[in-house]
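Here are my notes on the model, as numbered points. Please read them with the structure open.

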Amino acid sequence: MDKFTKLTSSAIPLPIENVDTDQIIPARFLKATSREGFGENLFRDWRFHKDGSINSDFILNNEKYQGSILVAGDNFGCGSSREHAAWAIHDYGIKVVVSSFFADIFKGNALNNGVLPVQVAPEYLKEIFEAIEKDAKTHIEVDLEAQKITIESTNSSSNFEINPYKKTCLMNGYDDIDFLISNKTEIEAFEMSRA
Amino acid sequence: MKKTLFDKVWDAHVVKEIKDGPQILYIDKHLIHEVTSPQAFGELEQRGIPIFRPDQIVATADHNTPTVDQHLPVKDDLSRNQLAELTKNCEKNNITLYGLGHKYNGIVHVMAPELGITQPGMTMVCGDSHTSTHGAFGTIAFGIGTSQVAQVFASQCLLLQKPKSLRVNVNGKLKPGVLPKDVILYIIAKLGTNAGTGYFCEYAGNVFEEMSMEGRMTVCNMSIEMGARGGMIAPDETTFEYVKGREFAPKGDDLENKLAYWKTLSTDKGAVFDKEYHFDAADIDPMITYGTNPGMGIKITELIPSENNASFEKSLAYMNFEKGQSLIDQKVNYVFIGSCTNSRIEDFRVAASFIKGKKKADNVTAWFVPGSRQVAQQIVEEGLNEVFENAGFRLRQPGCSACLAMNDDKIPEGEYCVSTSNRNFEGRQGQGARTILASPLVAAATAIEGKIIDITKQLN
């Protein structure tokens, strides 16, 4: 897994609430057996018309908005548990998703793929949207170590929560498998105790 | 300390607590299917890690399977490849697979309970958010991502923070024609799609106590649609009677010991929940959805509400509905009865009881998709298939089908579909398809009338 410490980037605004994982990656693209290449179909049915032509109204197709931070409306990532949603976001080049609320499973899937979900207060989310609207090039800094997010143009910052264990994993690029396997003796003892 | 049902089951599965961190939770049963498992198998293989407890894993093929001509090779190359990959991975790792054509094949959340794999007091996971279904048995069951599938493969455990507790109480008498699906659609409409996020939900009250296991599964299935990772109902005689005698249910002394334990699995009097809601059963009517998330539900006779926000308006625009509109008499050309929410025998009994002696509307294309081979067989044995055929319907073969439209069962662009499934997201049933969630009774009535009708009038 990629390490994550600090990131400064312009951001892509997606001020829509309840963005579900079926929008992030529609089910018909879940037939692959590897993790690669899902970025191509990220937000497929919003990015492209049914005939395959580009929907120029959709934010990802607007050249004005670039960057590796996605700023989204409330309850991002609800619905299906498909990790393909996190893979698609990662593969597209997004490293941080900011929202005022994340669905549980998506949040876990993102963290397991080196994508940092940053949950901020609704008022601060509004501030970010406004700053981007004012200047699409405005930079946003996300500092995982300090658990702090800053809008550079306004110098307004906010702290965010992250589980300390997950923070360590992300900062060092560790995943849970190695940790779980290192506890195998205890797991086997637990099994014996229930037999 | 007073414990909730959830506390009792969770605490019995904690292997270890990490200081300032998550807990290691032991998983009793791991269900897998073709879509969310290949990358997990690939990951372990690449890292040279063996599957730790293959005999605690059960696999089925459901998401990507056709619902006609299952005896023939699957036409779509990618689907066929994914199914072949599952077969290969299961063979290589000694995992039981109920693949296409097997007598136990079916939707993962239909097949496991009917085989007695799902039992009270267990922890169960699957790479599918509707794993919450199994909570109907007083089981901690929840959906996981593929990285977590790999973790369970490697260690039979997961690293988790214990969720907060939520209880939804529904007491009173349900009106005629109000089904378990209406109860859960009502709860979600009242609480919203993220009320349960970070929580595990217990459903309590006489309404759930009086429900069949099929009904309880329908309710728990949709817990995720209000954001809750899982939902649970305390096991009781209804649960025990359902489990007893099934293929993989405990038998003899083992059953007696298990029963003694299962009977302890209810929330202690005085246990405190982080959040609690109360509803009166008499307030619930047959429900339908009008928008693009399951929280956008109304009583079938109500008007679409008016909200002034961009997301709400985007949703109505997608559905081509207006604020203040009634959905009664809305013409509907597609009806889907199926999915892990409503594809069990009871759902087809309800549909058949309405359909008996009537004819399918000419404008309607209806897909009746049983949840498993066993359900399909029971439909035939009970004579329901005859009822459907006489009315002009044809039963398809089991699978997830038009719930997520990964196979060929897609609703065409712009068409409305009254569906017994669980999600009305944009494009969920096909690009541009417009989903209206409802109970099997409302779906059956729509298939007969070719439009949405006020079912309450027919029942009173």
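1. Start with strand 7 of chain B, residues 140-143. B:Ile140 and B:Phe142 point one way, while B:Ala141 and B:Gly143 point the other way. All four are buried. In a regular strand, side chains alternate between the two faces of the sheet. Bear in mind throughout that this is a predicted model.

2. Strand 7 of chain B has a partner in strand 6 of chain B, residues 123-126. The two pair in the parallel sense, over four bridges. In one of the pairings, B:Met124 has B:Ala141 as its bridge partner.

3. Next, helix 5 of chain B. Ten of its ten residues are buried, so the helix is largely enclosed by the rest of the structure. Among them are B:Gln148, B:Gln151 and B:Phe153. Just after the helix, B:Gln156 takes a positive phi of about 60°.

4. B:Thr435 sits in strand 18 of chain B, residues 434-437. Is B:Thr435 buried or exposed? Its relative accessibility is 1%, so B:Thr435 counts as buried. Its side chain makes a polar contact of 2.7 Å with the side chain of B:Gln429. Leaving aside neighbours within four places in sequence, the contacts of B:Thr435 include B:Thr289, B:Met319, B:Cys417 and B:Arg423.

5. Now the interface. 65 residues of chain B are in contact with 53 residues of chain A. The area buried between the two chains is about 5000 Å², and carbon and sulfur atoms give 55% of that. B:Gln39, B:Leu159 and B:Gln431 supply 13% of the area that chain B buries against chain A, more than any other three residues.

6. Polar pairing across the interface is as follows. There are nine salt bridges between chain B and chain A. There are also 33 residue pairs in polar contact, both residues at pLDDT 80 or more. Several elements of chain B each supply at least two residues to the side that touches chain A, including strand 1, helix 2, helix 3 and strand 8. Helix 5 of chain B gives the most, with seven residues. By class, this side of chain B has 23 nonpolar, 27 polar and 15 charged residues.

7. Over all chains, the salt bridges come to 32. One of the pairs has A:Arg194 in helix 8 of chain A and B:Asp28 in the loop between strand 2 and strand 3 of chain B, so the pair joins two chains. Their side chains meet at 3.1 Å, N to O. A:Arg194 is partly exposed, at 40% relative accessible area. B:Asp28 is buried, at 10%.

8. Within chain B, B:Lys314 and B:Glu426 meet in a salt bridge of 2.8 Å, N to O. The pair links distant parts of the chain, 112 residues apart: B:Lys314 is in helix 11, and B:Glu426 is in the loop between strand 17 and strand 18. B:Lys314 is partly exposed, with a relative accessible area of 29%. B:Glu426 counts as buried, at 13%.

9. The side chains of B:Asp409 and B:Arg396 form another salt bridge, at 3.1 Å, N to O. Both residues lie in the loop between helix 14 and strand 17 of chain B, so the pair ties together parts that are 13 residues apart in sequence. B:Asp409 and B:Arg396 are buried.

10. Last, a network. Salt bridges that share partners join A:Arg35, A:Glu83, A:Asp175, A:Asp178, B:Glu43 and B:Arg47.

Definitions and conventions: Residues numbered from 1 in each chain as written. Chains lettered and ligands numbered in written order. Predicted model: local features only at pLDDT ≥ 70, side-chain atom pairs only at ≥ 80, totals over all residues. Heavy atoms only, no water. Buried < 20%, exposed > 50% of the residue type's maximum accessible area, 1.4 Å probe, protein only. Pairing = 2+ DSSP bridges. Polar contact = N/O pair within 3.5 Å; in protein donor to acceptor, adjacent residues only side chain to side chain. Contact = heavy atoms within 4.5 Å. Buried area = accessible area lost by both parts, 1.4 Å probe. Salt bridge = Lys/Arg side-chain N within 4 Å of Asp/Glu carboxyl O. Nonpolar A, V, L, I, M, F, W, Y, C, P; charged D, E, K, R; others polar.
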